[in-house]
Amino acid sequence: MAATAVVPGLGSCDFSDLREIKKQLLSVAERSRERGLQHSGKWASELAFALDPLPLSELPAAPALTEEDARDLDAYTLAKSYFDLKEYDRAAYFLRGCKSQKAYFLYMYSRYLSGEKKKDDETVDSLGPLEKGQVKNEALRELRVELSKKHKAQELDGFGLYLYGVVLRKLDLVKEAIDVFVEAAHVLPLHWGAWLELCNLITDKEMLKCLSLPDTWMKEFFLAHIYTELQLIEEALQKYQSLIDAGFSKSTYIISQIAVAYHNIRDIDKALSIFNELRKQDPYRIENMDTFSNLLYVRSMKPELSYLAHNLCEIDKYRVETCCVIGNYYSLRSQHEKAALYFQRALKLNPRYLGAWTLMGHEYMEMKNTSAAIQAYRHAIEVNKRDYRAWYGLGQTYEILKMPFYCLYYYRRAHQLRPNDSRMLVALGECYEKLNQLVEAKKCYWRAYAVGDVEKMALVKLAKLHEQLNESEQAAQCYIKYIQDIYSCGEIVEHLEVSTAFRYLAQYYFKCKLWDEASACAQKCCAFNDTREEGKALLRQILQLRNQGETSSTEISAPFFLPAALSSNNTPTRRVSPLNLSSVTP
């Protein structure tokens, strides 16, 4: 049988036979561990643990040894012990000339990891994590040549194809790498590592649709993961829910992925709740805890973040995630130098850890070190071009440097990755304003309002833009919408721009000779320190004009009224219809 034969029993996305799925997971976990692929083995083991135990009679049997396996057994056993102790060159030396698939994979993988280790050591020792090192893994080209010959001769199994794909990706041969990872997924669909590598190379939904993927139950896990990565959160949550319904409700992997998905759409309460539940189920878990710490940081939950940092330190202080959690803790305490130090420590442990690069960029921004921030964000983008936070961070750094054209480019990239994130749209609008492209700025602010303005600033910015253009009716409309939103969502009325809105509306209604509405807004102005005197002055003017017999205007068309709930005399409110957004979408 050819080395590229497809594993039987994986021909559909059917989850009806969970016992068979568990057997497959236990089998691939063992095969992964035999080849030193610890992360893939752990993933399969965690998933298998979430399913019901198998009786003794149904446990998967050990795979039968071939003649080649038997011949290479002594060399493999010795080399594997060296490999486990990270003596990669030594392991490769004793595996030279081995012919069996398992021993050959370990031989090539040892050479690959040896090159990676030397590259990382040289990078950290000579250049430091922020320098743009030209250090390469010297083994890659040789490995590519050897694996390419095996690939052409169809002598690579699923694991061999995976390693060949990794080598191609490291050499920036992305198209070839994708083809090889797809082939690996067809040959050995149970190997999660190949799916994960493929996920890291897909940049958009269109690219995903073009792939010819095997129709197996593993594909469902892959799609859920890639949807999360591509910020298609609704689709991701649907996939994860269907996996839970299929029988994986106890899977801590799925629970953590759902928490990450809610983190990505900024549903902070939901994400915190799921992470807390996850901590109860798996108290020694370290994966994704840096994401959990991001949520605690955003909510300024200092005691909880302190407890998490101390807890992870006790478990493993030299894990990347632990360093990031401690960094977030120091950042929340405004000790930005210490925070940056811990993010640097994380990057010494893993120079390709995306979260640490982005967070370090944020810290350098806080320290006003824009050149270091730019370097950090650029490294984050090199690791993952889909990281909207890095693009957004670059936009902010160039904004500080007063380079609006650069800002525009980076904010656009961030917006493409997060089309429904109002912060990206508001930032884009501000950029267009600085470049005097006011029509584009209006579109961005309207779109930000339409998708759900997180910071409640889009309408204010739009109103000020209309003010600037002497479009008083549109400005008044925006301020009214803004006030309605602030009061309807029950926020504190001392919101930064509420007094500005009331002041403008009071003046607007005064000009329109609508004394009741002007008076109601002026009274509201008196509640704020910065507009109190203007409000009192306007009330005196209105009283004076009324005493002189001035009546409310009936000639001036002013279809804007203060919301009834805010008006002192309960003036009937005419609901202002929003503008048609379809024509102004950026």
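**Note on aromatic contacts and a nonpolar patch**

1. Start with Lys 150. Its charged end sits over the ring of Tyr 104, and the distance to the ring centre is 4.5 Å. Keep in mind that this is a predicted model.

2. Now the ring pairs. Searching the whole structure gives 30 aromatic pairs. Take Trp 217 and Phe 221: the ring centres are 6.1 Å apart and the planes meet at 80°, so this pair is edge-to-face. The cut-off for that label is an angle over 60 degrees between the planes.

3. Where do Trp 217 and Phe 221 lie? Both are in helix α11, which covers residues 217-229. They are 4 residues apart, about one turn of the helix. Trp 217 is buried, and Phe 221 is buried too.

4. Which residues make it? Leu 78, Tyr 93 and Phe 94 do, and the patch is about 270 Å².

5. Is Leu 78 buried, exposed or partly exposed? Its relative accessibility is 32%, so Leu 78 counts as partly exposed. That class falls between under 20% for buried and over 50% for exposed. Patch residues need over 30% relative accessible area, and Leu 78 has 32%.

How values were computed:
Residues numbered from 1 in each chain as written. Predicted model: local features only at pLDDT ≥ 70, side-chain atom pairs only at ≥ 80, totals over all residues. Heavy atoms only, no water. Patch = residues over 30% accessible without salt bridge, like charges linked within 9 Å, V, L, I, M, F, W, Y side chains within 5 Å. Areas by Shrake-Rupley, 256 points an atom, 1.4 Å probe, with all protein chains shown as cover. Salt bridge = Lys/Arg side-chain N within 4 Å of Asp/Glu carboxyl O. Buried < 20%, exposed > 50% of the residue type's maximum accessible area, 1.4 Å probe, protein only. Phe/Tyr/Trp six-rings, centres within 6.5 Å; stacked < 30°, edge-to-face > 60°. Helix = DSSP H or I, 4+ residues; strand = E, 2+ residues; numbered from the N terminus. Lys NZ or Arg CZ within 6 Å of the ring centre and 35° of its normal.
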